[in-house]
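Good morning, and thank you for coming. I would like to take you through one structure, and I ask you to keep the sequence and the model in view as I speak.

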Amino acid sequence: MLQDQEANAIQMERTFIAIKPDGVQRGLISEIIARFECKGFKLVAIKLVVPSKSFAQKHYHDLKERPFFNGLCNFLSSGPVLAMVWEGEGVIRYGRKLIGATDPSKSEPGTIRGDLAIVVGRNIIHGSDGPETAKDEISLWFKPEELSNYTSNQEKWVYGVN
Ligand code: GDP
Ligand code: MG
């Protein structure tokens, strides 16, 4: 019975994660994917794309008043970005923990930015910051048919339910 209650309590959610052009160029794709995959989260979509400047402006629309907005959008559209959707219990919030603080000089060791980046303008990875942005960013970057709905064979081992 306890198992059934736990099964009912699992709240799967999805988040948008992107490896920015610096992470791709630095050969960090496998290292970053491994951190999400080894944690137990499930990959449901992935593609390598070079976003246009206007697409980058849409993605970062909430930062349009910031002084670094133009440079940020130029940078995001300067080369391939690895766009992904990851699924799991608490993945939106925990994904941000795996990523670490925005400024890598303040990110804890053990986080992606803490371990792999030095300056805020080249912090290698993006992750949605809440349920609303996750929904918006997933639909901005992916068509519904690009998301794979499948049961991972790992789920019973990761969550301890059948
Ligand atoms: P994030 O959600 O942790 O990525 O941080 P924000 O949403 O606040 O900012 C988006 C991105 O803008 C960050 O990941 C950085 O690449 C960049 N950024 C944020 N703050 C600064 C800043 O003060 N200077 C520069 N150059 N870039 C910044
Ligand atoms: Mg953000």
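I start with a single residue, Ile 125. Leaving out residues up to four places away in sequence, Ile 125 touches Ile 17, Ala 18, Ile 19, Lys 20, Ile 32, Phe 36, Ile 99, Ile 112 and Arg 113. Please bear in mind throughout that this is a predicted model.

What is the size of the largest nonpolar core, counted in residues? It has 21 residues, and those with the most contacts inside it are Ile 32, Phe 36, Trp 86, Ile 112, Ile 124 and Ile 125. Two or more residues come from each of strand E1 (12-19), helix H3 (29-39), strand E3 (81-89), helix H6 (91-99) and helix H7 (112-116). The element that gives the most is H6, with four residues. Apart from this core lies another, of 18 residues, including Val 85, Ile 138, Phe 142 and Leu 147.

Just after H3, Gly 40 takes a positive phi of about 120°.

H6 can be read in a similar order. Which residues of H6 are buried? They are Val 91, Ile 92, Gly 95, Leu 98 and Ile 99. Around the axis they cover an arc of only 120°, which puts them on the same side of H6. The exposed residues Arg 93 and Lys 97 are carried by the face turned away from that buried side. As for partners, the buried residues of H6 pack against E1, H3, E3, H7, E4 and helix H8 (131-141). Just after H6 comes Gly 100, with a positive phi of about 95°.

In H8, the buried residues are Ala 134, Glu 137, Ile 138 and Trp 141. Their arc around the axis is only 100°, which puts them on the same side of H8. The opposite face, turned away from the buried side, carries the exposed residues Glu 132, Lys 135 and Ser 139.

One of those buried residues of H8, Glu 137, leads us to His 126, which has its place in strand E4. Is His 126 buried or exposed? With a relative accessible area of 11%, His 126 is buried, because the cut-off for that word is under 20%. The side chains of His 126 and Glu 137 make a polar contact at 2.9 Å. Beyond four places in sequence, the residues that His 126 touches include Phe 16, His 59, Tyr 60, Ile 99 and Arg 113.

Next, consider the loop between H7 and E4, where Ile 124 lies. Ile 124 is buried, with a relative accessible area of 0%. Most residues other than glycine have a negative phi. Ile 124, however, has a positive phi of about 65° although it is not a glycine.

Ile 124 is also among the contacts of Leu 116, together with Arg 26, Leu 28, Glu 31 and Ile 32, leaving aside neighbours within four places in sequence. Leu 116 lies in helix H7 and counts as buried at 15% relative accessibility. Leu 116 and Gly 23 are 93 residues apart in sequence, yet their C-alpha atoms are 8.9 Å apart in space.

Finally, I come to ligand 1. The residues around it are Lys 20, Tyr 60, Leu 63, Phe 68, Leu 72, Arg 96, Thr 102, Arg 113, Val 120 and Asn 123. A polar side-chain atom of Arg 96 lies 2.8 Å from an oxygen atom of the ligand. In the side chain of Arg 113, an N or O atom is 3.0 Å from an oxygen atom of ligand 1. Val 120 uses its backbone instead: an N or O atom there lies 3.2 Å from a ligand oxygen. On its own, ligand 1 has 540 Å² of accessible area, and the protein covers 74% of that.

Terms used
Residues numbered from 1 in each chain as written. Chains lettered and ligands numbered in written order. Predicted model: local features only at pLDDT ≥ 70, side-chain atom pairs only at ≥ 80, totals over all residues. Heavy atoms only, no water. Core = buried A, V, L, I, M, F, W, Y, C linked by side-chain atoms within 4.5 Å. Buried < 20%, exposed > 50% of the residue type's maximum accessible area, 1.4 Å probe, protein only. Contact = heavy atoms within 4.5 Å. Near = heavy atom within 4 Å. Polar contact = N/O pair within 3.5 Å; in protein donor to acceptor, adjacent residues only side chain to side chain. Areas by Shrake-Rupley, 256 points an atom, 1.4 Å probe, with all protein chains shown as cover. Arc of directions from axis to C-beta.
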